[in-house]
Number of protein chains: 2
Amino acid sequence: MPTNRQQHLDNRPEGEAVAGNFKLVTAETPALEDHQVLVRHHYLSLDPYMRGRMNDSKSYAQPQPLGQVMQGGTVGEVVESRNPKYAVGDKVVGFGGWQEYSVVDGNVVGALRKVDTTHVPLSHYLGAVGMPGVTAWYGLVKIIAPKAGETVVVTAASGAVGSAFAALAKARGCRVVGIAGGADKCRYATEELGFDACIDYKQHPDVKSMSQALKEACPDGIDGYFENVGGYIFDAVLLRTNAFARVALCGMIAGYDGAPLPLANPALILINRLKIEGFIVSEHMEFWPEALKELGGLVASGKLRPRESVAEGIAAAPEAFLGLLKGRNFGKQLVKLV
Amino acid sequence: MPTNRQQHLDNRPEGEAVAGNFKLVTAETPALEDHQVLVRHHYLSLDPYMRGRMNDSKSYAQPQPLGQVMQGGTVGEVVESRNPKYAVGDKVVGFGGWQEYSVVDGNVVGALRKVDTTHVPLSHYLGAVGMPGVTAWYGLVKIIAPKAGETVVVTAASGAVGSAFAALAKARGCRVVGIAGGADKCRYATEELGFDACIDYKQHPDVKSMSQALKEACPDGIDGYFENVGGYIFDAVLLRTNAFARVALCGMIAGYDGAPLPLANPALILINRLKIEGFIVSEHMEFWPEALKELGGLVASGKLRPRESVAEGIAAAPEAFLGLLKGRNFGKQLVKLV
C-alpha cells in the first residue's frame, strides 16, 4: 500500500491560528475491506469554516479532534476498489481530509460522488460546482430571494463563494456589489466576475468610510446581503439596507480568532424590518442537485470563470490555510497533491 | 363646539425623554365638514414605540412633528356625525392622538373602526384586542411559528404585548417563559397570565446571571423569542437558543434614549442557524382580522385577563408615558379621559 502523508491538528489555537497547530505525519494506508475504495486525492479544499472547528467550543459542528487528520473536502481518483459501484479511474468528490489518500466505504450515502470532468475541471468541484458554490446559491436563492433590479452585496467577492454569488445574481437581473481586500481583487471582480462595483475594504477601514463607499456603490440601497466576514463591514452594510432587506449569514471569519465581534446597532433590524438568517449548507442537501446543475451550467458556458490559488504538496497546506484566513488567497484556495 | 385639550410635542429629547418635551395646549374643535365625525376619546393608548418617534431620526415611521398633537391610538364615542356610516353613540377605535376630541373623515379606510363592547371592555381595544395584541400574534404566529412543546420567551411579560403573547402561546401548547421587572410582575405573570415561569431581570442585571436564570427556566433551550427590549437580555437569550430558533424583533426600548445597544455575539446567529426578523404590525394589516378574532375570543372566554395601568386626565399623559418607558406601569398603560 502507498505511504500516506497527513496533516493532523496537533494543538488548538490560542487566539490566532499558527503553523505550529498542525503536524505532518506519515501513515500507511490500510488494506481495503469489502465495499471500500482507495481514493488518491488530487486536490484538498481549504475553507474558512475549518478555523471555527479548530476551537474546542460549542458550534454547529463537532470540533476537529486533536491528533487526527484535519477534515475537509477533497477531489481525486479511485485507485483501488472493492466496491462494484466504483471503478479504478473514477473521479470522485469526497470529504477525505488533509491527506494524500483516503479509504472510503462506498456504500455510505453521500460519502463519495462521481463527477464528470468533460466540461468542468476536477478542482472546480471543490469550489464553484461544490460546497462554496452551493453556499452562494442557497444564501442568494433561498434566503435573499432577490427580484430583478434589486441590489445585492457580498463580502470576500473574489473568493469561491463570492464569485459564484456574482454569477448567480447577475443571472437573476440584480445589481451585484462586492467587497474585497485590495485593488487587484476588486479589478478582477468587476472585469472578470461580472460585479457591477467592488469596494476595497483596505481603503475603507472603518464603519463611516465603508458606509459612504456603499452609498456610492449602491445608489438604490441594499436589498440583500451575503455575510461572510462580520465586524465593521456588517455594521456598515446594515446602515445602507432598504426596508425588508434580507441577510444570509454564513460566516464570521473576522471573529474566529476569538476577538469580540459585536453588532453595533441591532435596532436597525427593527427600523428596516430586516430578516437575518444563519445557515449551514450541509443541512440543506435537498437543494444541492438543483444548485449544482445551475452552477455547472454557468461554468460550462463560461459565465462563471472562477480563479484558484493553488499551493503544492501536503506540506504546504497549513501555510496556505493561514494565508486564506488573512485574505492572501485569490479565488478558491486549494492544495494540489498530484 | 367643545374645548379640546391636547398634548403637543414641544421639543425633542436630548437623551432621556422628560416632561418638558410636552406642552398642554387648549384648542377649539372645528365645525364638522361632510363625511366627518367628532369623536370624544375615552382612553388614550401609551406605547413604547412613541418614544422612537420623538427623535428626529430615520426610522420606519416619520418623526412626530414638533408643535403638533402627539400621535397615538384612541378609543371613544362618536358625539357628532356628518357621515351616514357613523351614528352618535357608536364606540370606535382610531388614531386620534393625545387629545380629548378628534375630528375624523369617516370615509378614509382604516381611520375608524366600530367595536362591540358587549364582551370586551372598550379599553381593551387599545391593548389585548388592539395593536399590542396583534403585535404579539404576528410575532408568535407568523415569525416564531412554534410547534407544540417548544419553549418561547417574551420580555416585558406583564405588559400588553407580553400578556397576549402568553395566552396565544399557551393555546398552541408551548412552554412560555416571561421576563419582567420585579417580583410583583413576575408573580402576576405566572399566577394570572399563564406563564410557566417568569424571570425578574432586576435580580439578574447582567448577561451571565440572566443566562443562568434562562437555563433554569428553559431546561430544553429556547425555540422562539419575542424581543421587546434589547440590550443584555437579548444577548443572554441568544446564548440559550436551540438550533433553528426564531426571533421576532419588535422593539428596542432599551435603546430609544440613544445609548449604544450592541449585540455582543452575532456569530450565534450562524452557530445556531437563527432567523431574526424585525417587523411593524401596521405593515401587515391583512392579518389583523384573524388575529383580533382570536384575541377577542381569548378575552371573552377569560383565558386572557389583561391588566391596565390607568392615568386620569389629559394632563397626566406625559408622566404616565415616562413611567411606561421606565417600566413603572403594570399591564397596558392608558390615560382615561371620560
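Two strands are said to pair if DSSP finds at least two bridges between them. The legends below apply this to a predicted model.

**View 1. Strand β13 of chain A meets strand β13 of chain B.** The two strands, β13(A) and β13(B), the latter spanning residues 275–278, pair in the antiparallel sense over three bridges. Lys275(A) has Glu277(B) as its bridge partner in β13(B).

**View 2. Chain A is in contact with chain B.** On the side of chain A, 26 residues take part, and they are in contact with 26 residues of chain B. Two elements of chain A, α7 (267–271) and β13 (275–278), are those that give two or more residues to the side touching chain B. By class, the residues on this side of chain A comprise 17 nonpolar, six polar and three charged.

**View 3. Chain A is assigned two domains.** Domain 1 of chain A covers 3–127 + 306–336, and domain 2 covers 131–282. Taken over C-alpha atoms, the centres of domain 1 and domain 2 of chain A are separated by 28 Å. Contact between these domains involves 16 residues of domain 1 of chain A and 16 residues of domain 2 of chain A. Helix α1 (residues 49–54) of chain A supplies three residues, the largest share of the domain 1 side that touches domain 2. That side of domain 1 of chain A holds six nonpolar, six polar and four charged residues.

**View 4. Ala164 of chain A belongs to the largest nonpolar core.** This core has 216 residues, and those touching the most other members are Ala164(A), Phe165(A), Val335(A), Ala164(B), Phe165(B) and Val335(B). With residues up to four places away in sequence not counted, Ala164(A) touches Ala128(A), Pro132(A), Gly133(A), Ala136(A), Trp137(A), Leu295(A) and Leu304(A).

**View 5. Ala136 of chain B lies in helix α2 of chain B.** Ala136(B) is classed as buried because 30 other C-beta atoms lie within 10 Å, where 20 or more are required. Apart from neighbours within four places in sequence, the contacts of Ala136(B) are Val161(B), Ala164(B), Phe165(B) and Leu168(B). His124(B) is twelve residues from Ala136(B) along the chain, and 14 Å separate the C-alpha atoms of the two.

**View 6. Helix α8 of chain B packs against two other helices of the chain.** Helix α8(B) consists of 13 residues, 288–300, and spans 18 Å from its first C-alpha to its last, close to the 18 Å expected at 1.5 Å a residue. The buried residues of this helix are Trp288(B), Ala291(B), Leu292(B), Glu294(B), Leu295(B), Gly296(B), Leu298(B) and Val299(B). These buried residues of α8(B) pack against α2 (131–144) and α3 (160–171) of chain B. Just after the helix, Gly302(B) adopts a positive phi of about 80°.

**View 7. Strand β9 of chain B is mostly covered.** The strand runs over residues 175–180, and six of its six residues are buried. Arg175(B), Val177(B) and Ile179(B) point one way from β9(B), while Val176(B), Gly178(B) and Ala180(B) point the other way. Strand β8 (residues 151–155) of chain B pairs with β9(B) in the parallel sense, over five bridges. Within this pairing, Val154(B) has Gly178(B) of β9(B) as its bridge partner.

Key
Residues numbered from 1 in each chain as written. Chains lettered and ligands numbered in written order. Predicted model: local features only at pLDDT ≥ 70, side-chain atom pairs only at ≥ 80, totals over all residues. Contact = placed C-beta atoms within 7 Å. Helix = DSSP H or I, 4+ residues; strand = E, 2+ residues; numbered from the N terminus. Nonpolar A, V, L, I, M, F, W, Y, C, P; charged D, E, K, R; others polar. Expected span 1.5 Å × (residues − 1). Buried ≥ 20, exposed ≤ 12 C-beta atoms within 10 Å, placed from the backbone. Domains from an automatic or database assignment. Core = buried A, V, L, I, M, F, W, Y, C linked by C-beta atoms within 7 Å.
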